[in-house]
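Open the model in your viewer and keep the selection panel at hand. The stops below are given in the order in which to select them.

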Amino acid sequence: MLDHTLVVRKFLSNEDCNSLIEIYNKNNKVIDKNCGYNCCSIDNNILNNKLNNVVKLYTDKFPEIFYTKDKWFLNELRIKHFKPKKYFKDWHSEHGIESPLRILAVQIYLSDHNCGTKFFNGETIKSEKGKLAVWPAYFTHTHKGEPCPDNKDRYLLSWYYSFNLKK
């Protein structure tokens, strides 16, 4: 597995995943028509205890993240939906000119698929319902989605931890 990547199977229960998909189905909006990417923002309080546990799991495994000079916080919590035959097919990292403060990317797969998130080094995190994946937002973790050979709708919960400009 890539350095500084955390993967936890069954982080969310099937019921949690189904509830989040239901929230999406009531609140979705189109973000990028080219890749079939739709999403909705959700209230952090819905999963507050679980989200706090993500930070603990990551920092327990990689305590050196506490040596960053600045404080960081959770932001951009949203549910993403990719329609059949659609996926994020371009190589990318989560850190760049439009998102210079991101330090960690977090995904929870809300549905099962015969595909996943492929990293530039050739490794893949398979999409399994309830699986958590956390990795650095930088070019070292350049990745893209894989096409679902079964042509299923795909749902993800994603968010970022970013540096906080408010001190």
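A polar contact here is a pair of N or O atoms within 3.5 Å; within protein, one atom must be able to donate a hydrogen and the other to accept it. Keep in mind that this is a predicted model.

**Stop 1: helix H2.** Select residues 48-61, which form helix H2, and pick out Thr59 within it. Is Thr59 buried or exposed? Thr59 has a relative accessible area of 8%, and the cut-off for buried is under 20%, so Thr59 counts as buried. Now show the side chain of Thr59 and the backbone of Val55: a polar atom of that side chain lies 2.8 Å from the backbone oxygen of Val55.

**Stop 2: helix H1.** Move to residues 14-27, the 14 residues of helix H1. At 1.5 Å a residue, H1 should span 20 Å, and its end C-alpha atoms are 20 Å apart, so the two values agree. Colour Cys17, Leu20, Ile21 and Tyr24, which are buried in H1. Turn the view to look down the axis of H1: its buried residues fall within an arc of 100°, so they line one face of the helix. Then select Glu15 and Lys26, which are exposed on the other side of H1.

**Stop 3: the second largest pocket.** Which residues line the second largest pocket? Select Arg78, Ser93, Glu94, His95, Gly96, Glu98, Ser99 and Arg102 to see its lining. By class, that lining holds four polar and four charged residues and no nonpolar ones. The volume of the second largest pocket is about 150 Å³.

Terms used. Residues are numbered from 1 along each chain as its sequence is written. This is a predicted model: local features need pLDDT of at least 70, side-chain atom pairs count only at pLDDT 80 or more; totals for chains, interfaces and linings use all residues. Side-chain values use heavy atoms; hydrogens and water are left out. On a 1 Å grid over the protein atoms alone, a cavity is a set of points where a 1.4 Å probe fits but cannot get out, and a pocket is an open set with protein on both sides within 12 Å along at least five of seven lines; lining residues have an atom within 4 Å of a point. Grid points are joined across faces, edges and corners, and a volume is the space filled by probe spheres set on the points. Ala, Val, Leu, Ile, Met, Phe, Trp, Tyr, Cys and Pro count as nonpolar, Asp, Glu, Lys and Arg as charged, and the others, Gly among them, as polar. Helices (H or I, at least four residues) and strands (E, at least two) are DSSP runs, numbered from the N terminus. The expected span of a helix is 1.5 Å times one less than its number of residues. Buried means under 20% relative accessible area, exposed over 50%, partly exposed in between (1.4 Å probe, protein chains only). The arc is that of the directions from the helix axis to the C-beta atoms.
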